[in-house]
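Student: I have a model open and would like to learn how to read its features one by one. Could you walk me through it?

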Amino acid sequence: GFLVSSDQYRSYAEHLASYGYVAVLYDKVENLSSTIDDETSSLFVSEIINWLESPAFQGGLQTEAVYAVGHSRGGKISLLAAENDKRIGAVCLVDPVDSNEYAPEGPGYPSAIKSLPTFSTPLAIIGGGHSEDCIPVQSNYKRFFENASSRALLCNVKEAGHFQYLDKTSPIQAAVCSEGKVASQAVRDLSKAVIVAWAEIMLPQRGAKTNLKSQLTVLNIAVEKWLKTNVFQNADVNFEVKGF
């Protein structure tokens with residue numbers, strides 16, 4: 001996310017690692033007065049994949065189908081990276097934000113949504129229905145799903161605020177984007193389940209290549225079971241799929 005430390009997503013990396021994935025977190029050196037543009041930021045993702053292919057890892061890592069996951073601006077950057085690097089085999093956007101009046105299009109800052117009609121990589125989108133208090137509707141998660149032309153999954157957590165996906169929210173973040181009625185722990189737990197499930201279904205070296213509709217049905221049933229048994233009863237979630 002924009003100026004959000006990778007430590008705020010550590011539990012997500014640890015959850016992926018518990019399923020056997022090599023998870024990489026990274027930070028960019030930037031601040032409000034000196035930000036790195038989106039196109040350059042997307043190239044960092046490819047550079048990280050190049051690093052994982054270096055002799056230091058002795059060819060022990062599979063990089064032909066990388067999974068890119070990003071929150072907020074990081075979602076947009078993950079999508080831009082996948083557009084230009086075919087080693088990325090699946091993408092998951094967590095409450096992504098595209099260009100808008102606060103972060104307008106311009107040199108180095110293209111719209112990711114506008115590129116979606118020609119984007120073919122499998123795309124999962126997790127969105128917070130309560131995030132519209134700080135995310136312009138024309139650039140939020142709904143617009144990403146509406147414009148997706150690849151196989152796509154939308155998980156709409158209707159009462160989730162934009163920063164409730166983070167491991168810990170700062171007072172400034174809480175002031176900018178309010179929290180919804182659902183508990184933050186529930187938002188994180190559900191998001192982690194969807195992130196892992198999408199990787200297991202879509203990455204060729206991990207999941208099945210056929211019968212994707214039935215696997216998505218299993219995912220939906222599993223989430224419904226989670227909702228019924230979870231103590232946070234205010235979690236209101238619905239799923240949509242397209243491109244199958």
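Tutor: Gladly! Let us begin with how elements are named: helices and strands are DSSP runs, numbered from the N terminus. Keep in mind that this is a predicted model.

Student: Good. With that naming, where does Ser 72 lie?

Tutor: Ser 72 sits in the loop between strand 1 (66-71) and helix 3. Its relative accessible area is 10%, so Ser 72 is buried, the cut-off for that being under 20%.

Student: What should I look for in the backbone there?

Tutor: Start with the general idea: most residues other than glycine have a negative phi. Now the case here: Ser 72 has a positive phi of about 60 degrees, although it is not a glycine.

Student: What is the phi of Asp 95 near?

Tutor: Asp 95 has a phi near 45 degrees, again a positive value in a residue other than glycine. You will find Asp 95 in the loop between strand 2 (88-94) and strand 3 (123-128).

Student: Is Asp 95 buried or exposed?

Tutor: Asp 95 counts as buried, at 1% relative accessibility.

Student: Next, salt bridges. How do I read those?

Tutor: The general idea is that side chains of opposite charge can pair when their charged atoms come close. The rule applied here asks for a side-chain nitrogen of Lys or Arg within 4 Å of a carboxyl oxygen of Asp or Glu.

Student: How many salt bridges does that rule give?

Tutor: The count comes to 8 salt bridges. One of them joins Arg 73 and Asp 38, whose closest N and O atoms are 2.7 Å apart. Arg 73 lies in helix 3 (residues 73-84) and Asp 38 in helix 2 (residues 38-52), so this pair ties together parts that are 35 residues apart in sequence. Both Arg 73 and Asp 38 are buried.

Student: Which side chain does Lys 76 meet in a salt bridge?

Tutor: Lys 76 meets Asp 38, with 2.6 Å from N to O. Lys 76 is in helix 3 and Asp 38 in helix 2, so here the parts tied together are 38 residues apart in sequence. Lys 76 and Asp 38 are both buried. Through shared partners, salt bridges join Asp 38, Arg 73 and Lys 76 into one network.

Student: Now the rings. How do I judge an aromatic pair?

Tutor: Look at the distance between the centres and the angle between the planes: centres within 6.5 Å make a pair, and planes over 60 degrees apart count as edge-to-face. By this rule the count comes to 1 aromatic pair. The ring centres of Trp 51 and Phe 57 are 5.0 Å apart and their planes are at 85 degrees, so the pair is edge-to-face. Trp 51 is partly exposed, with a relative accessible area of 47%, and Phe 57 is partly exposed too, at 28%.

Student: And which residue lies over the face of Tyr 12?

Tutor: That is Lys 192, at 5.5 Å from the ring centre of Tyr 12.

Student: How should I read contacts between parts separated along the chain?

Tutor: Lys 181 and Ala 160 are 21 residues apart in sequence and 7.3 Å apart in space. Lys 181 is in the loop between helix 5 (171-176) and helix 6 (184-202), and it counts as exposed at 65% relative accessibility. For Glu 146 and Pro 117, 29 residues apart along the chain, the C-alpha separation is 9.9 Å. Glu 146 belongs to helix 4 (residues 141-147) and counts as partly exposed, at 48% relative accessibility.

Student: Last topic: how many cavities of 30 Å³ or more does a search of the whole structure find?

Tutor: The search finds 1 cavity of that size, and the largest cavity has a volume of about 30 Å³. Its lining includes Gly 161, His 162, Phe 163 and Glu 179. By residue class, the lining divides into 3 nonpolar, 5 polar and 1 charged.

Terms used
Residues are numbered from 1 along each chain as its sequence is written. This is a predicted model: local features need pLDDT of at least 70, side-chain atom pairs count only at pLDDT 80 or more; totals for chains, interfaces and linings use all residues. Side-chain values use heavy atoms; hydrogens and water are left out. On a 1 Å grid over the protein atoms alone, a cavity is a set of points where a 1.4 Å probe fits but cannot get out, and a pocket is an open set with protein on both sides within 12 Å along at least five of seven lines; lining residues have an atom within 4 Å of a point. Grid points are joined across faces, edges and corners, and a volume is the space filled by probe spheres set on the points. Ala, Val, Leu, Ile, Met, Phe, Trp, Tyr, Cys and Pro count as nonpolar, Asp, Glu, Lys and Arg as charged, and the others, Gly among them, as polar. Rings of Phe, Tyr and Trp (its six-membered ring) pair if their centres lie within 6.5 Å; planes under 30 degrees apart count as stacked, over 60 as edge-to-face and the rest as tilted. Buried means under 20% relative accessible area, exposed over 50%, partly exposed in between (1.4 Å probe, protein chains only). A charge sits over a ring if NZ of Lys or CZ of Arg is within 6 Å of the ring centre and within 35 degrees of the ring normal. Helices (H or I, at least four residues) and strands (E, at least two) are DSSP runs, numbered from the N terminus.
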